[in-house]
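Work through the exercises below with the sequence and the model at hand. Each task is followed by a stepwise solution.

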Amino acid sequence: MENKKNKKEQRESRHKRVRAKIQGTAVRPRLSVFRSNVCLYLQLIDDLTGKTLAALSDKKVAGKTKTDRALAAGEQLAKMAAGLKITEVVFDRGGYRFHGRVKAVAEGIKKGGLKI
């Protein structure tokens, strides 16, 4: 009998693979992306202390489409990071493919002045 995984389990196993290779620090935190059907959630995480430095949802960000909101959320998070004197982040795509809203977040972060 085959062991088939559902979509969520497949994403979680991809995320584990990604997380095994990257780690955030206070100087260069991990930018974690969680994508739901409705919203996008972003966090800057210091994995050494286990603390979230900044968090943002695209719920309160203006934009016509989800991708527009993702781009604006990336820019807004970059401003928050600049306030915390963070200039560089490690991008954690969360097991999602690097296209669409996830790619828009990365572009917004770069546009906001953070280095990925």
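Two residues are in contact when they have heavy atoms within 4.5 Å. The model is predicted.

**Exercise 1.** Taking contacts between residues at least 6 apart in sequence, find what share joins residues at least 24 apart.

*Solution.* Keep the contacts in the protein chain whose partners are at least 6 apart in sequence. Of these, 59% join residues at least 24 apart.

**Exercise 2.** List the secondary structure elements of the protein chain in order.

*Solution.* Start with the count: there are three helices and four strands. Read from the N terminus, their order is α-β-β-β-α-β-α.

**Exercise 3.** Compare the radius of gyration with that of a compact globule.

*Solution.* For 116 residues, a compact globule would have a radius near 13 Å. The protein chain has 14 Å, which agrees. As for its extent, the C-alpha trace spans about 55 × 35 × 20 Å along the principal axes.

**Exercise 4.** Describe the largest nonpolar core and the surroundings of isoleucine 109.

*Solution.* Begin with burial: 39% of the 116 residues are buried, that is, under 20% relative accessible area. The largest nonpolar core has 23 residues, and those touching the most other members are Leu31, Leu42, Leu44, Leu77, Val105 and Ile109. At least two core residues come from each of β1 (30–35), β2 (40–46), β3 (51–57), α2 (66–83) and α3 (101–111). Now take Ile109 and set aside its neighbours within four places in sequence. Its remaining contacts are Leu31, Gly74, Glu75, Leu77, Ala78, Val89, Leu114 and Ile116.

Methods. Residues are numbered from 1 along each chain as its sequence is written. This is a predicted model: local features need pLDDT of at least 70, side-chain atom pairs count only at pLDDT 80 or more; totals for chains, interfaces and linings use all residues. Side-chain values use heavy atoms; hydrogens and water are left out. The radius of gyration is taken over C-alpha atoms; the globule rule is 2.2 Å times the number of residues to the power 0.38. Buried means under 20% relative accessible area, exposed over 50%, partly exposed in between (1.4 Å probe, protein chains only). A nonpolar core is a set of buried Ala, Val, Leu, Ile, Met, Phe, Trp, Tyr and Cys residues joined through side-chain atoms within 4.5 Å.
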